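Trainee: Could we go through this model together, starting with one hairpin and then turning to confidence?

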Amino acid sequence: MVKESSTPADEKKAGAPAGGDKEVKEFRQRDDHEDFKTLYEDSLKTIEEGQILRGTVVEITPDHVTVDVGYKSEGQIPMQEFLKRNRNVDVKVGDQIEVLIEKKDSEEGLLILSKEKADKVTIWRDVSRSCREGEVMEGEVMSKVKGGLSVDIGGVYAFLPGSQIDLKPVRNLDSLIGQRLKFKVIKFNRKRNNIVLSRRTLLEEERKQLRDETLKNLMEGEIVEGTVKNLTDYGAFVDLGGIDGLLHITDIAWGRIGHPSEKLSVGDRISVKILHYDREKEKVSLGLKQALPDPWETVQKRYPVGTRMKGRAVNITDYGVFVELEEGVEGLVHISELTWSKKMKHPSKVVHIGDAVEVMVLDCDPTKRRISLGMKQTEPNPWALIEEKYPVGTKVMGKVKTITDFGIFIGFEEGVDGLVHVSEMSWTKKIKHPSELYKKGQEVEALVLNIDPRNERFSLGIKQLMPDPWRDVARRYRRGEVVTGKVTNVTDFGAFIELEEGIEGLVHVSEISREKVERPADVLKVGDTVSAVVLHIDPHERRIGLSMKGVADKVEKAEIEKYISNQGPPTSTLGELIQEEMERRGGLNKKEEE
């Protein structure tokens, strides 16, 4: 570039001759020629291809950007190198930029420049220094790639591994795209054009400095501020400034919470109390509720015994229901205090979580932080008048509420259940399970047998509505009588014979046949119709003893008596002897059966 003309003052300082215009003109021509020649020669000596120079943007056209680098002529750079991703021009006249001399023509003084190549040379120089000396670099996250992110650091793309993005794993990498972040170079290879960055290293250094400062000032019992960093099922981690403290779920609120997210969110700024600080292990336990007044300190004054109030069911267990009276104050309604009925299987049958319930304070112990509550006390006791309303012998109607192995419970509108034991269902039937006769919801009539209000027991009977067939069984079946029936059951000790519906007799194994029988099943089977002699009857024990071989004995006796009667009267009758033998056998069989 040609040097500007000198002024008269400059010429005087330079030693211009004091004379006419002709001498001054000659001096100026000689001086300009010498300056131009010196500047031109110096520019040729200092500017080399591949050299990076700092120049000034002097002109911008649609195709090129012209830059003055102090050479005899300006250089040009293609406009493409200045276009951003949005196609906007990222340069203006007067900007100072670094450029690389790609090519120069000494004869014509032409220069071909490149800003991109200059930037790359500068970036690689900065990359080397960052890797060697730990200097911080800045770049823009461009896109997701396999294993991490691609980052533009001044025109050169570098790789940011997923493990080096943050102090903890980042699940949503897309959220970082477009952000300008700071990094350190941990590895690079110029030949392969590879650069590996780390943001984690920078964050760890910053966190360590902050951590050291925080650890110096931590004291148990102090109230400090922190930021909720992470939520778990068992609590929250709070960043106190380079060190995390654990805020356990039980120390978040005086009241019951199912999850920390009910009270906290990640990023919340909260004031917490330092409950414990282990300097050796650098572990900090925090409390949020400890910074608030303890509601149990005045609970006895607010909830005296006998007080009735509203609450909310917050937890249900096998042994009862926890009711929240206010935040931080809960009482237990034991399962025995839920309802007047004792037939409840589980509290969840009466109360559900979230239900509003009315309760009465039965006991209050602030020291143990316990309040005993009752729900049934807020309602009249149905057992108080049950004995007057249903005296013994009264017939009642109700629906089957519950069926068990031992009987059925019949429900009444007062909330009282009466039990019909399986033994009180039929005089004659052998019931294996009540479900054989009754179904849930079935309307049933029964007789009141007994009421015990103190133990809350209400005994009912169904068979009492009908006469007992065993009451006059001795009148219908007489000893020595031959009867006929069907075999209903065969056991090792004999067989049961049904004489009528619900009335059975037992033929002992010794009374099946005159011949010895080892197994009754070898002789009899269910459904066989047989005849037998009644040996004995016990209505109280509901037993009838039978003998099959006694039928043959009776027939034989009749034939013998007939024969003797034809021979004349004997001195000692054989019939009497047979009768005595029959009676003796009947007595032995009864003892064996018992």
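**A hairpin and its neighbours**

Mentor: Strand 27 and strand 28 form a hairpin with 2 residues between them, and Gly-502 in the turn has a positive phi of about 90°. Strands here are DSSP runs of E of at least two residues and helices are runs of H or I of at least four, numbered from the N terminus. This is a predicted model: local features need pLDDT of at least 70, side-chain atom pairs count only at pLDDT 80 or more, and totals for chains, interfaces and linings use all residues. Residues are numbered from 1 along each chain as its sequence is written, and side-chain values use heavy atoms, leaving out hydrogens and water.

Trainee: How many bridges join strand 27 to strand 28?

Mentor: There are 6, and the two strands run antiparallel; pairing requires at least two DSSP bridges. Glu-504 in strand 28 is the bridge partner of Glu-498.

Trainee: Why is strand 27 largely enclosed?

Mentor: Because 5 of its 7 residues (494–500) are buried, meaning under 20% relative accessible area with a 1.4 Å probe, protein chains only.

Trainee: Changing topic, where is confidence lowest?

Mentor: In helix 1 (residues 8–13), at a mean pLDDT of 44, whereas strand 20 (residues 370–374) is highest at 95. pLDDT is the predictor's confidence in each residue, from 0 to 100. Over residues 1–19 the pLDDT is below 50.

Notes. Buried < 20%, exposed > 50% of the residue type's maximum accessible area, 1.4 Å probe, protein only. Contact = heavy atoms within 4.5 Å.
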